[in-house]
Amino acid sequence: MDQPPYLLYDKLSDLWPLVSSPEDYAFEAQFWKKALRDRLGPGRHHILELGVGGGDNLSHLTSDFQATAVDLSDKMLAHSRQRNPDVEHIVGDMRTVRLGRRFDAVIIHDAIGYMLTRADLQSTIDTAASHLNRGGIFVTAPEWLSDFPVKPTTWHCNRSLNGTELTFVQHEYDPNPSDTTLDCLMIYVIRRDGKVEVLHETHLIGIFSKKIWEECLRQAGFRYEWIPHPIYHDGREGLMIVATLE
């Protein structure tokens, strides 16, 4: 996290609508909505999303919940503002931000993957706890857990918008299973104005064991449960954490 901004969230942030769209999250968002609704009950509860990014997953929740969104990148928040015009957006670091108010639920989608150390993870979970009412719900879904073997995975898309064509490739692999990170290589083949530009970068993604997750949750005052999160097509076991502030 303490490094120059990744291209995708800074100089290439204008490509976000080509990399990601709300439709990509429609299936997954059903699990997030159900996890929240099952535990919060009826009503338009107020939720906080930390690390909202472009707001694509959140866009499927705003019809049911009142939302506030935080992200480190103002350029990504600009995309989320377009997706979610009725949501309050705030620039902040999920490890340290303190809004001075509490919510019925805090959610963190895939941005949780940018927590690279146990200290980062603990700080973020502490942030969630500090923004919850007693009995409030924290929901997140770590994309990777070190309890399970990491098999290299690749995803790609080809999209065009307003005269720009993008071929985007994302390849995830773990060059050193003994540490707490894996590599996510992103390749951008950009065609516009009759020219082709190829750029790439590697995002570091955090990977921790269930044991570490559970220790961090308990330290922050949560009781928790792991529930199935079957969204992956590569045979990986998907799990969601639903934690309640005691």
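Tutor: Tyr6 and Tyr114 are both buried. The model is a predicted one, and every value here is computed from it. The centres of the rings of Tyr6 and Tyr114 lie 5.8 Å apart, with 40° between the planes, so the pair is tilted. Tyr6 belongs to the segment before helix 1, while Tyr114 sits in the loop between strand 4 (103-108) and helix 4 (118-130), so their pairing ties together parts that are 108 residues apart in sequence. Tyr6 and Tyr114 also belong to one aromatic cluster, together with Tyr9 and Trp16. The structure has seven aromatic pairs in total.

Another aromatic pair is made by Phe27 and Phe31, and this one is edge-to-face, at 5.3 Å from centre to centre and with 80° between the planes. Phe27 and Phe31 are four residues apart in helix 2, so about one helical turn separates them. An α-helix has 3.6 residues a turn, so residues three or four places apart point the same way. Phe27 is partly exposed, with a relative accessible area of 45%. Phe31 is partly exposed as well, at 24% relative accessibility, because buried requires a value under 20%.

Helix 2, where Phe31 is found, covers residues 26-40. If neighbours within four places in sequence are left aside, Phe31 is in contact with His229, Pro230, Ile231 and Met240. By contrast, Ser13 is 18 residues from Phe31 along the chain, and the C-alpha atoms of the two are separated by 27 Å.

Arg236 lies over the face of Trp144, at 3.8 Å from the ring centre. Arg236 also lies over the face of Tyr232, with 3.9 Å to that ring centre.

Burial can be followed in a helix too. In helix 3 (residues 74-83), the residues Met76, Leu77, His79 and Ser80 are buried. They cover an arc of only 155° around the axis, so they are on the same side of helix 3. Among the elements that cover these buried residues are helix 1 (16-19), strand 2 (66-71) and strand 3 (88-91).

Zero disulfides are found in a search of the whole structure. The sulfur of Cys157 has its closest cysteine sulfur in Cys184, at 13 Å, which is too far for a bond, because a disulfide needs the two sulfur atoms within 2.5 Å. Both residues are buried: Cys157 has a relative accessible area of 7%, and Cys184 has one of 2%.

Now for the whole chain. The protein chain has five helices and eleven strands. Its radius of gyration is 18 Å, close to the 18 Å that the globule rule gives for 246 residues, so the chain is as compact as a globular protein of that length. The C-alpha trace spans about 60 × 45 × 30 Å along its principal axes. Of the 246 residues, 52% count as buried. Of the contacts between residues at least 6 apart in sequence, 62% join residues at least 24 apart. The pair of Tyr6 and Tyr114 ties together parts that are 108 residues apart.

Definitions and conventions:
Residues numbered from 1 in each chain as written. Predicted model: local features only at pLDDT ≥ 70, side-chain atom pairs only at ≥ 80, totals over all residues. Heavy atoms only, no water. Buried < 20%, exposed > 50% of the residue type's maximum accessible area, 1.4 Å probe, protein only. Helix = DSSP H or I, 4+ residues; strand = E, 2+ residues; numbered from the N terminus. Contact = heavy atoms within 4.5 Å. Arc of directions from axis to C-beta. Phe/Tyr/Trp six-rings, centres within 6.5 Å; stacked < 30°, edge-to-face > 60°. Lys NZ or Arg CZ within 6 Å of the ring centre and 35° of its normal. Rg over C-alpha atoms; globule rule 2.2 N^0.38 Å.
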